[in-house]
Amino acid sequence: MDREILFHLREDGRLTNVELAKRVGLTPPPCLRRVKRLEEAGVITGYRAVVDPRALGRALEVLIDVEIYAQDRKSFEEFEDTVASYEEVVEFRRMYGRPDYFIRVAVADHAAYEAFLTGRLSCLPAVRRLESHLTTKELKTIE
């Protein structure tokens, strides 16, 4: 039952409790109790609006593999804090193995990406190597 609730909330997080209960075959009070329990357990961590990046002038998404020189904790933390603060960065992950980091950026166009890459990312002292990947077609995204 919890999986069914999660399925419907992932599809539409704005469902009313009454509508959600109807879809999963419960009455509203036990449905609400289950949702509250999932929230308290940290399974449901929040609700948000999914925004089309094109509507915000960020139609180009680029995936970047980053390798860094840094081996000490302070350098790692400075690099991470700096990159995480960039408005263009919409996803940022430290990886096991190579690359050291995975970054997803959303910008207006190729010129904006070049400006981000050359003016911000590649000039960071820790950066050893960058590899950019442009998407041909998005096949599946789970929000």
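**Note on the predicted model**

1. E19 is partly exposed, its relative accessible area being 25%. In this predicted model, the side chain of E19 meets that of K22 in a salt bridge, 4.0 Å from N to O. Both residues belong to helix α2 and sit three residues apart, about one turn of the helix. K22 has 61% relative accessibility and counts as exposed.

2. A second salt bridge links R104 and E61, with the closest N and O atoms 3.0 Å apart. R104 belongs to strand β3 and E61 to strand β1, so this pair ties together parts that are 43 residues apart in sequence. R104 is partly exposed, with a relative accessible area of 22%, and E61 is also partly exposed, at 23% relative accessibility.

3. Helix α4 holds the pair E77 and R73, whose positions four residues apart put about one helical turn between them. They form a salt bridge in which the closest N and O atoms are 3.3 Å apart. E77 counts as partly exposed at 38% relative accessibility, whereas R73, at 64%, counts as exposed. The whole structure contains 18 salt bridges.

4. D65, in strand β1, deserves a separate entry. The residue is buried but has no salt bridge; R129, the nearest side chain of opposite charge, is 5.8 Å away. The side chain of D65 does make a polar contact of 3.0 Å with that of H133. Leaving out residues up to four places away in sequence, D65 touches P99, Y101, F102, R129, L130, E131 and H133.

5. One of those contacts, P99, is in the loop between β2 and β3. The peptide bond leading from R98 to P99 is cis, with omega near -5°. For context, most peptide bonds are trans.

6. The largest nonpolar core has 21 residues, and I64, F79 and Y113 touch the most other members. At least two core residues come from each of β1 (60–68), α4 (73–85), β3 (101–107) and α5 (110–121). The largest share, five residues, is supplied by β1. Beyond its neighbours within four places in sequence, I64 contacts Y101, F102, I103, V105, Y113, F116, L121, L130, E131 and S132. Another core lies apart from this one; its 11 residues include L15, C31, L38 and I44.

7. In helix α1 (residues 2–11), the buried residues include I5, L6, H8 and L9. Viewed down the helix axis, the buried residues of α1 fall within an arc of 165°, so they line one face of the helix. R3, R10 and E11 are exposed on the other side of α1. The cover over the buried residues of α1 includes α2 (17–24) and α3 (28–40).

8. V90 is part of strand β2, which runs over residues 89–94. At 39% relative accessibility, V90 counts as partly exposed. V90 and V105 are 15 residues apart in sequence, and their C-alpha atoms are 5.5 Å apart in space. Residues up to four places away in sequence aside, V90 touches R58, R104, V105 and A106.

Definitions and conventions. Residues are numbered from 1 along each chain as its sequence is written. This is a predicted model: local features need pLDDT of at least 70, side-chain atom pairs count only at pLDDT 80 or more; totals for chains, interfaces and linings use all residues. Side-chain values use heavy atoms; hydrogens and water are left out. A nonpolar core is a set of buried Ala, Val, Leu, Ile, Met, Phe, Trp, Tyr and Cys residues joined through side-chain atoms within 4.5 Å. Buried means under 20% relative accessible area, exposed over 50%, partly exposed in between (1.4 Å probe, protein chains only). Contact means heavy atoms within 4.5 Å. The arc is that of the directions from the helix axis to the C-beta atoms. Lys and Arg count as positive and Asp and Glu as negative; His and the chain ends are not counted. A polar contact is a pair of N or O atoms within 3.5 Å; within protein, one must be able to donate a hydrogen and the other to accept it, and residues adjacent in sequence count only if both atoms are side-chain atoms.
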